[in-house]
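Trainee: I have a model open and would like to learn how to read it, feature by feature. Could you walk me through it?

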Amino acid sequence: MSSPVAAAPRTPRRPVRMPLWDNARFVAITLVVMGHAILKLIAESDPAYGVYLFIYAFHVPVFVAVAGYFAKATPPGVKQLKKLVTDLALPYLIFEVIWTVIRALVTGRFNPDLATPSWTLWFLLALIIWRVALPYLALLRFPLVIAVVISVASGYLPAVGSVFALDRTLALLPFFVLGWKLRMLPVTTLWTELPLRRVWWWRAGAIGVFAALALVIATNVPLWRELKVRRVLLFEEAYPEFGYDQWWAGGLRLAAIALAVLLVFSFLVLMPRRATWISPLGQATLYVYLLHSFVLYPLRESGWLDVPRDDLLLVGMILFSILLTLALSSRPVRRVFRPLVEPRAEWLFARGDEKVTPRVGAD
């Protein structure tokens, strides 16, 4: 016999955040800002070029893998579809319009082109495509292997250009799928519960991996310039576009993917497993990503960074990048720019009684 007292409705519990991933997000976005900040220095400075290669060997793959970790492979419902619009599509349109206006003011020519993303905005388009494609990839038997094949094969096709960021979207697809696969496995739980003594053995190995990478880069910078390794690590252009039209050119991207996977795991191993002071800031990476270019753009276009080799300037830009990331992650900045970065757009969607639910088997 049931109790006459009605049971209180359950309050849905909010998903528990894992500080490891917020810590990884903050460090990764700091490296993104740093890479963009020192770009103007690499032509004249071997140390700057070396730092740039070191960062680009893994920071974008880390960023993409973290995004993949939080992606869902189930068919999207109404809520997920709305989030694609409000979290990605609308910010892309807003910031693309802003950049169009800025270019018009600087160059005197108004040339809107919403299909070709400006500077950092490619990532928003890529996220939309990855999230839409993931449920279909998840149906396949070897999604990660298929993603790697797609990435390597796309480099042979110069016709796959930057329109709708398709070049980088296909090239970086393996890291998004890798992040999703990590969530399917109990890797994070096992890692967070591992005894500290064993954790430091893994971290010692990760430090060794990064030390070896830094040493290899630092001792061969002229060679890496000649081989155009930087353009390989961008995961952007087709191989013939930077001088590799041989049949084996796809091996370059395959090697870059293999190296990046090793570095992604090494990076995650080094991240604090518990909550730190940077953990809350790791929840504001989209603000940093979309806003930092407005600070760096005047510095890059003013010619202030077009100076002869100056290692002190390199150190200064690295420190500036860290401070800029901290500033753009702060609550006041998020409060001011929330309408642009996280627009509220409920007015854009049909009301509940206006939605039409498609019937299975309908014509």
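This is a predicted model: local features need pLDDT of at least 70, side-chain atom pairs count only at pLDDT 80 or more; totals for chains, interfaces and linings use all residues.

Trainee: Let's begin with secondary structure. How many helices and strands does the protein chain have?

Mentor: The protein chain has 16 helices and 0 strands.

Trainee: And the overall dimensions? What radius of gyration does the protein chain have, and what would a compact globule have?

Mentor: A compact globule with 363 residues would have a radius of gyration near 21 Å, and the protein chain has 22 Å, so the two agree. Along its principal axes, the C-alpha trace spans about 80 × 60 × 50 Å.

Trainee: What share of the residues is buried?

Mentor: Buried residues make up 43% of the 363 residues. For the contacts, take those with a sequence separation of 6 or more: residues 24 or more positions apart account for 81% of them. As for the surface, the accessible area of the protein chain comes to about 20,300 Å², and 67% of that belongs to carbon and sulfur atoms.

Trainee: Can we look at some of them? Which residue meets D22 in a salt bridge?

Mentor: The partner of D22 is R25, with 3.5 Å from N to O. Both residues lie in helix 1 (residues 19-37), where they are 3 residues apart, about one turn of the helix. D22 counts as buried because its relative accessible area is 3%, and the cut-off for buried is under 20%.

Trainee: What about E96, buried or exposed?

Mentor: E96 is buried, with a relative accessible area of 0%. E96 forms a salt bridge with R103, and their closest N and O atoms are 3.7 Å apart. R103, on the other hand, is partly exposed at 29%.

Trainee: How far apart are the closest N and O atoms of E237 and R231?

Mentor: They are 2.7 Å apart, in a salt bridge. E237 has a relative accessible area of 19%, so this residue is buried, while R231 is partly exposed at 25%.

Trainee: Next, I'd like to compare sequence distance with spatial distance. How far apart are I94 and L340?

Mentor: In sequence, I94 and L340 are 246 residues apart, but their C-alpha atoms are 6.8 Å apart in space. I94 lies in helix 4 (residues 78-107), and L340 in helix 16 (residues 331-341). With neighbours up to four places away left out, I94 is in contact with P339, L340 and P343, and L340 touches P91, I94, F95 and I98. I94 counts as partly exposed because its relative accessibility is 24%; L340 falls in that class at 30%. For a contrasting pair, L340 and I146 are 194 residues apart in sequence and 36 Å apart in space, C-alpha to C-alpha.

Trainee: Last topic: backbone angles. What should I look for?

Mentor: Most residues other than glycine have a negative phi, and most peptide bonds are trans. Here, A165 has a phi near 55 degrees, a positive value in a residue other than glycine. A165 lies in the loop between helix 6 (143-154) and helix 7 (166-171), and it is buried, with a relative accessible area of 2%.

Trainee: And what is the phi of K228?

Mentor: It is near 60 degrees, again a positive value in a residue other than glycine. K228 sits in the loop between helix 11 (221-227) and helix 12 (229-233). At a relative accessible area of 34%, K228 is partly exposed.

Terms used
Residues are numbered from 1 along each chain as its sequence is written. Side-chain values use heavy atoms; hydrogens and water are left out. A salt bridge is a side-chain nitrogen of Lys or Arg within 4 Å of a carboxyl oxygen of Asp or Glu. Helices (H or I, at least four residues) and strands (E, at least two) are DSSP runs, numbered from the N terminus. Buried means under 20% relative accessible area, exposed over 50%, partly exposed in between (1.4 Å probe, protein chains only). The radius of gyration is taken over C-alpha atoms; the globule rule is 2.2 Å times the number of residues to the power 0.38. Contact means heavy atoms within 4.5 Å. Accessible areas come from the Shrake-Rupley method with a 1.4 Å probe; for residues, only the protein chains shown count as cover.
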